[in-house]
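Hello,

Here is the structure I said I would pass on. My notes on what was found in it follow below.

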There are 2 protein chains.
Amino acid sequence: MKKTRILLADDHPIVAESLAILINMMDDFEVIGTVNNGWEVLSFVETNEVDLVLSDLHMPVMNGIETTIRLREKFPHIKIMLLTMSEEAAIIKEALVAGIDGYMMKNIEKKELQNALRQVANGQKYYSQAVVMRLAEVPNPATASGKDEIGEHIPLTPREIEIMQLIIQELTSAEIAERIFISPTTVDTHRRNLMKKLGVSSALGLMKYALRHGLVK
Amino acid sequence: MKKTRILLADDHPIVAESLAILINMMDDFEVIGTVNNGWEVLSFVETNEVDLVLSDLHMPVMNGIETTIRLREKFPHIKIMLLTMSEEAAIIKEALVAGIDGYMMKNIEKKELQNALRQVANGQKYYSQAVVMRLAEVPNPATASGKDEIGEHIPLTPREIEIMQLIIQELTSAEIAERIFISPTTVDTHRRNLMKKLGVSSALGLMKYALRHGLVK
DNA sequence: CAAAAATTCACTACTAGTAGGTATTTTATT
DNA sequence: AATAAAATACCTACTAGTAGTGAATTTTTG
């Protein structure tokens with residue numbers, strides 16, 4: 001089986017070297033070169049057969065995104081992954097628009113890196129959890145704080161969920177009763193039980209809860 | 001090597017069946033059961049050794065997110081992946097908050113599914129490209145149709161917007177009046193004008209409009 | 001089977017919201 | 001200054017939702 005030929009781009013020699021060692025330990029990849037910036041990437045691929053570029057985002061002469069865009073123009077078949085310290089959403093989005101094949105944080109483990117490389121070499125995309133979390137504006141469970149905004153989970157019965165969804169569809173209690181063949185007073189009972197359980201005092205409160213907990217789209 | 005035991009949850013039998021066949025063709029996974037909704041997931045895992053739940057998002061009795069939350073409480077070791085048609089950012093975010101291990105569109109290929117399953121079974125997370133693209137608010141090059149369901153834009157006055165936001169915060173007309181130093185009857189007038197303008201007939205309708213048009217977060 | 005949970009229904013009472021109409025004052029625009 | 005748009009305010013009337021309590025029945029669970 002032919003090894004995937006990787007070009008490393010990083011302005012920190014130590015990082016590049018250790019990455020090269022790590023990758024060369026994998027038996028389906030080989031690092032065929034390391035360069036220090038985007039310009040060198042472009043000139044390297046002119047004269048060498050490269051399958052995948054694994055690049056840092058921040059580089060002195062030409063950064064990873066700029067490099068991606070230019071590489072895409074002349075060598076659309078070459079895969080490009082960014083390996084970076086930055087988690088800024090704006091930057092991640094730029095990279096995605098530029099057509100990046102993968103985006104990872106530098107704190108990943110060997111195994112994950114291998115998976116990521118395989119996936120991208122295979123024509124798929126790869127984005128690490130931290131990237132997705134940042135885009136979703138969800139605090140990274142590993143990195144930070146602890147409590148999240150969703151609040152505790154309160155168990156609702158199937159019937160309650162059903163009725164809540166109908167309430168949110170703006171049906172009146174009478175209409176709900178007709179729809180599911182129960183008495184209007186029963187609907188009101190469920191309604192009150194729901195509000196009491198969830199600690200809200202109106203249909204709006206129910207809707208907010210439902211939205212936060214994915215009970216409705 | 002022990003196979004990873006997978007439980008499928010999907011309310012469409014055809015989907016579940018074909019998925020089961022597909023997965024059973026992989027030699028490191030086996031489908032040990034298929035169920036139709038979230039409740040059945042919860043009862044199934046009570047009596048069976050399940051390593052990974054591969055679930056649809058939209059299910060009649062209990063949807064994928066709700067299921068995730070409840071499963072996390074009692075069986076934190078079980079991996080959960082959502083396989084769905086929905087690409088709505090809000091839903092994806094809910095799923096992430098709920099602690100989902102993977103999120104994929106239903107249009108993926110076998111190979112990608114296998115990668116995803118391996119990755120998650122291995123303790124990592126997996127998110128398909130469409131998911132990340134949606135979160136980044138980048139139009140998916142593959143899917144990208146264009147128009148979305150936002151509907152026409154109706155001009156609201158600043159005061160109306162202000163009052164609508166207060167309504168959505170679940171303040172009563174009296175409270176709103178007190179807050180912004182006008183008469184309760186005036187608040188009611190704005191309220192009615194809003195509903196008439198937007199063609200809705202309740203505060204819930206107002207909230208839905210506000211959500212669709214980004215007037216509230 | 002027995003206990004617990006869920007679902008069902010009814011009664012009363014109160015209140016906030018919905019619906020319609022009308023009218024004055026203030027602010028913005030030409 | 002004149003007109004249009006927005007914001008203000010009140011009236012009546014009706015209705016749907018909110019709140020408390022109590023209880024019977026069915027389903028689920030141990």
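The contact between the two chains draws on 34 residues of chain B and 31 residues of chain A. Please keep in mind that this is a predicted model. On the side of chain B that touches chain A, two or more residues each come from helix 3 (64-74), helix 4 (89-98), helix 5 (110-121), helix 6 (129-135) and helix 10 (203-212) of chain B. Helix 4 of chain B contributes the most to that side, with seven residues. Sorted by class, the side of chain B that touches chain A holds 19 nonpolar, eight polar and seven charged residues.

Next, the DNA. Which residues come nearest to DNA strand C? They are A:Thr157, A:Arg159, A:Ile182, A:Ser183 and B:Ser202, out of the 20 residues around DNA strand C. The most come from helix 9 of chain B, with five residues. By class, this surface near DNA strand C has four nonpolar, 11 polar and five charged residues.

Last, chain A taken by itself. Chain A contains 10 helices and six strands. Of its 217 residues, 37% are buried. If you take the contacts in chain A between residues at least 6 apart in sequence, 60% of them join residues at least 24 apart.

Regards

How values were computed: Residues are numbered from 1 along each chain as its sequence is written. Chains are lettered from A and ligands numbered from 1 in the order in which they are written. This is a predicted model: local features need pLDDT of at least 70, side-chain atom pairs count only at pLDDT 80 or more; totals for chains, interfaces and linings use all residues. Two residues are in contact if their C-beta atoms, placed from the backbone, lie within 7 Å. Helices (H or I, at least four residues) and strands (E, at least two) are DSSP runs, numbered from the N terminus. Ala, Val, Leu, Ile, Met, Phe, Trp, Tyr, Cys and Pro count as nonpolar, Asp, Glu, Lys and Arg as charged, and the others, Gly among them, as polar. A residue is near a molecule or strand if its C-beta atom, placed from the backbone, lies within 6 Å of it. A residue is buried if 20 or more other C-beta atoms lie within 10 Å of its own, exposed if 12 or fewer, and partly exposed in between; C-beta atoms are placed from the backbone.
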